[in-house]
Amino acid sequence: MSEHLTEYCVDRDLVDRGESAFACQAVLDVVLARVDTAWIDAYSDEGDLPEAAREAQDALLRMGHARGSGDAGMGIDVDVRRGDHVRLLRAFASWSIGVELYDDATQWVAYFSDTGASVCFNVTDEEAGMIQTSFLDVRIPVTDLKTRRKR
């Protein structure tokens, strides 16, 4: 990608489940077309998952077991070209302890961690504008990481 990218993070922990889900989905809506590689952990810090998240978790664990080595719940490769995989990613992203998204040059695009409490993204100015606009309605503050690191 030749366009300049800027790293951003939501400027507070998203402890409200609705906000967390909204933020993860909003970022996915904007960046998914640029994602080439996605990994997700099928573990959550939440003990009581809603049915859709629990079903996605079960499917992700089956995918992890199918690879035959390592921890079946960690670093599950999600093929973003497959609709069924994208549905799992969307259903479990805000519940996962870790989601990593990369472009075709292996440049990070987004990270979601701590069961959606932490949301960071590395985007173009246009993508940042779209994400920030969607966050305005729910008052989710965003800051670029350079500014955040200076604090």
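Are Cys9 and Cys120 buried or exposed? Cys9 is buried, and Cys120 is buried too. Buried here means under 20% relative accessible area, exposed means over 50%, and partly exposed lies in between, with a 1.4 Å probe and protein chains only.

Some ground rules. This is a predicted model, where local features need pLDDT of at least 70, side-chain atom pairs count only at pLDDT 80 or more, and totals for chains, interfaces and linings use all residues. Residues are numbered from 1 along each chain as its sequence is written, and side-chain values use heavy atoms, with hydrogens and water left out.

Back to the cysteines. The structure holds one disulfide. A disulfide is a covalent bond between the sulfur atoms of two cysteines. The cut-off here is a pair of cysteine sulfur atoms within 2.5 Å. Cys9 and Cys120 are joined, S to S 1.9 Å. Their link is right-handed, with 75 degrees about the S-S bond. Cys9 sits in strand S1 (residues 6-10) and Cys120 in strand S6 (residues 118-123), so the pair ties together parts 111 residues apart in sequence. Strands are DSSP runs of E, at least two residues; helices are runs of H or I, at least four; both are numbered from the N terminus.

Cys24 is buried, at 0% relative accessible area.

Now the rings. A search of the whole structure finds six aromatic pairs. Rings of Phe, Tyr and Trp (its six-membered ring) pair if their centres lie within 6.5 Å; planes under 30 degrees apart are stacked, over 60 edge-to-face, the rest tilted. One of the pairs is Tyr8 with Phe121: stacked, 5.7 Å centre to centre, 20 degrees between the planes. Tyr8 is in strand S1 and Phe121 in strand S6, 113 residues apart. Both Tyr8 and Phe121 are buried. Another pair, Trp39 and Tyr102, is edge-to-face, at 5.4 Å centre to centre and 65 degrees between the planes. Trp39 lies in strand S2 and Tyr102 in strand S4 (residues 98-102), so this pair ties together parts 63 residues apart in sequence. Trp39 is partly exposed at 33%, while Tyr102 is buried at 12%. Tyr8, Phe22, Phe121 and Phe135 form one aromatic cluster.

Last stop, Ala42. Ala42 is in the loop between strand S2 (37-40) and helix H2 (51-66). Ala42 is buried, at 0% relative accessibility.
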